Structures are given as structure tokens and as C-alpha cells.
Amino acid sequence: MISVSNVTMRYGSKVLFEDVSTAFTPGRRYGLTGPNGSGKSTFMKVLAGELEPQKGTVVRPRKLGVLRQDQFAFDAYRVIDTVIMGNKPLWAALEERDRIYAKPEMSNEDGMRLGELEGTIGDEDGYTAESDAAVLLDGLDISEPLHNRKMGELQGGQKVRVLLAQALFGKPPALLLDEPTNYLDLDSIHWLQDFLSSYDGTMIAISHDRHFLNSVTTHTADIDYQTIITYTGGYDDMVMAKTQIRSTLESQIAQREKKIAQLNEFIARFAAGTRSSQVTSRRKEVERLQTNELARSNIQRPYIKFDQIRPSGKHVLELKHLSKFYDDLKVIDGFTANILRGEKICLMGRNGAGKTTMLKSLLANYPGLAEKGFTLDSGSVFWGHEAQVGYFPQDVGATIEPGLTVADWLHQWNPGAHIEDIRGILGQMLFSGEEGSKPTKALSGGEQARLAFCKLILTKPNILIFDEPTNHLDLEAINALNIALQRYEGTVLLVTHDHDLIDEVATRLWVFHDEGIEDFQGPYEEWKGKHN
């Protein structure tokens, strides 16, 4: 079990949480929720012992599985060894054993110490460590040829999966997972969901993937109102319960304030009259009813609405025998498709399967959006009548040049727009008041993503192309994007591993397999039924 007692964390005048006391019990899987900046990662570091609370105490088990966020910390180690390092007592024993065996001569003390180390290695399942680590790696799509490679040779997404295997290794009694689905493809996310659903220890996970939280968690610890409140159920259950509780509290306070107003009116009318005893009793009643103001929620919900200046023609895009190779690797091989106005196509598949390459191929001849130096090997792309594309690339920060304020950067995309319109759009995306004057170089990843949405709202294209738009968004922003894409009347091409976005937005799927691209004319639920 993990428990915290009277824990407080604040930065300057900003209180993240104050005098929090709660317990996380075995057999339960907790989602740790709250908007960006609410203190989720800070609280997770406090639980892991990486950060001391400013006040209060934390009790934790001896062995913890923690998902590490530093992708470069293990670059000099083999992949399989990095996973085994997740069991610190085992790894320490293995390293010490190797040092003793490396000596030219061993003393009697060395021999006795070896016996102790072998006992530790046996108790920690060290003799099956490599095979156990390999099972985890295979489940997370790190194939056997990579197991003996150095971590420094792996791509970013592969490193994240190895670090996830490290956290899961050694069957720790508690797991602390900070954004475990980041950079995972849908198959890996589903594997992780199944694995965690059978985990019988204490699990605490921060995630902005609503479907993951609803599928895995049994309880939700929500950081809001400067405290942490635990609800039974997944994310959707928490939202419903929280809304009902908050509504009840606000109703009770409204009734009390109405009663206080009536009493104060009586006191004001008769304070100087003959009803002094009644006035005194009513003053006491006011004191009894007087309540502290409800702590304000730190949740902010953006409002996203994508419009079109004018619709495109019926035939939006035609691809003929599209091919793109990288040396001997055939990423796209003779793909042909037609896209009609209003279709919403999700591109699905393993990381590295070619989804981003496909988007770059579609834009290879589109003015202003073609990637420099990117060319097709063969085939053709024809954009239809009045096709106007808005593009959200995977590295959205690279499209936001420094040296400007947020408002100035946005205004340049439509110089004729009134400043009130610019401020209104920024306000929709939570850049309120002076935040419009914030320098673009100071923006966080989430702020960069929200500013890129502002550009799409302002320019009103009739075709939207997104490459992993949810990477830096919190749950409120992801839900707002989901609703906006469902309501958008134009055409959408979307690369994402967010299950709910795929399930609720897509009307058509391009599924990237080893043997080619499957063009499925229907929603995800139908595709899943066909392939089960």
C-alpha cells in the first residue's frame, strides 16, 4: 500500500495541493487525473520518493515499479539489461557477482559473499530474468534482434516501450506510471491494457488517454480544488460523480446565501426597533450559516470549433499508384485511393509503419505544406476543386517561429482579421488576457498545440490533416478536439493512437500492415468486428 498524510506542495503563491491525506490500496488501479499544470507529475514524484513533500509524510513499499521519463539515461546499456534494472536488488546483486568473478583471484570472503549473492539472485528470480524480460519486450513490440542492442541505437518510441518494460519487470507490489501510453501504437496500448487489468498490486497511472483510463482503472484520484479526491470507477465515472457532487454543493450554498440575505434584510429593518431579541437570534443564525467560499476548480475547458470558408468540391483527393521507399524499405507501394468530401479517415498501424510518410506524400505537391527535400518515388496526387488544407504536423512546435507574441503569430495568418476576433479565438483556446502577449518561444508543448488549433480555427480550411495531435494535450483538450472533429463538416485525415478518437471520429480507415495498406470503408467498430 502507498499512503500520504497531510502532504502539501506549493510553488510561490500557487497551491497544487494542501494537507492531502489518502491511501492507495493493493488490488486497485488508480488513474491520477487533473489538467496540465495541476501537479500530477509532482505528486507522482512525491509518491516515488524522487521529491520530498514540503509538508507531510509518505509510506511506500520497498520495491516500486516506476516508468522513467528520461529516454537517454540508459543509452550505454543493452536493452535486456535496461529492463532487468527495474529490479534494483537483483541488478545490484548481478553487478557485484560479475565484479567478484572478474577478479584474478578470489578470497574466502569473496566466496562467502558469492553464496549470499546467489541467494539474493535466486530469491529475485534472477535465473529467469532474461527470459522474463524478453516476454515483456515482445509484448511491447520490441523484437528479439533488438534485445542485445544498446539503448542508444533505438528510436524514441522504442525507448519508451523498453522503459515501460523496466517498470513492469520484477512484479513490483506497486506501479507508478507517468503517461504510459505516450508514443505507443494502438496494438501496444491494447497489450498494456490487458497486462495491467490482471495486475493485482497497487497501480497509479497518469494518462491523457480516456479509453485507457476507462478500460484499466478501478478508481480515479482527481487533483482539483487544491486537494485530491478519490472516486470509484474510471475517468467517465469520475466526471459524472464530480459534476453531481459539485452541483449539489453549489445548490446548497445558493440556498444558504438566499437564507442569509433574507436574515440580513430582517436585521437591517429592525436593528433599531423593538425586536432586539429577534434581531440577535437572526445574527447568530447568519453566523451559523456563513460558509467559506468553495475552492475554485483548476479545470479549464477549451472550446474548439472548426469551420470552412467554403466547402471543397465533391472529389477532394485522388491518389494513383503512390509509392515511397527508403533505400530497400517499401513504406508505400502502389497505393491508390479516392477521398470524397466529408470523409474522416484515420490512419492506423504500428509505429514506423508509414503513417506520417503517407501524410507527407499527400502534401508533397501542396503549396506551402510540402516538406523540403521530400519526394515521391512514383505515383501521383491530385487535389480537387477548392481544396484548402490545414495541417497539424507531429512536431508542431517547429512551425511556431520564435520572436513573436502569441497574438502576433496568430494574426499573421489572416492580417485582415479584427484584433477582437484574434483575442476571441485565443480565449477559446485558454490564452486569456495577457497570455496573448506571451512570447512564442516560452510556450509549453500543450500551449503550442493549442496555438496551432487557433490557426486552424482562424484560417477555416475545408480539409484538416492531423499527425498525432493529442501528444501534449490534457483530457479536457482531447475531449474538445474529439467533439470538434465529429461536428466538422469538412474532410479529415488523422494519425492517432487514441482509441476514442478513432472509434468516435473515423468513417473510414487506412490500416498499415506489413503486407500493405488496407483501405477499410467503415468505422473502427466494424473493422474490429471483421478482424476478431
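Predicted model: local features only at pLDDT ≥ 70, side-chain atom pairs only at ≥ 80, totals over all residues.
View 1. Residues are numbered from 1 along each chain as its sequence is written, and side-chain values use heavy atoms, leaving out hydrogens and water. Strand β14 (residues 389-392) pairs with strand β15 (residues 463-467) in the parallel sense, over four bridges. Strands here are DSSP runs of E with at least two residues, helices are runs of H or I with at least four, and both are numbered from the N terminus; strands pair if DSSP finds at least two bridges between them. Val389 and Tyr391 point one way from β14, Gly390 and Phe392 the other, and all are buried (under 20% relative accessible area, 1.4 Å probe, protein chains only).

**View 2. Here helix α13 (residues 419-428) meets helix α14 (residues 445-459).** Their axes come within 9 Å and cross at roughly 130°; axes are lines fitted to C-alpha atoms, for helices over the stretch in contact, with angles from 0 to 180 degrees between N-to-C directions. On the α13 side, the contact (heavy atoms within 4.5 Å) is made by Ile422, Ile425, Leu426 and Gln428. From α14 come Leu451, Cys454, Ile457 and Leu458.

**View 3. Three strands form an open sheet in the order β11-β10-β13, with antiparallel pairing.** β11 (329-340) and β13 (378-383) are at the edges with a single partner strand each, so one side of each has no neighbour in the sheet. Nine bridges join β10 (residues 315-326) to β11, and Leu319 has Ala337 of β11 as its bridge partner.

Methods
Buried < 20%, exposed > 50% of the residue type's maximum accessible area, 1.4 Å probe, protein only.
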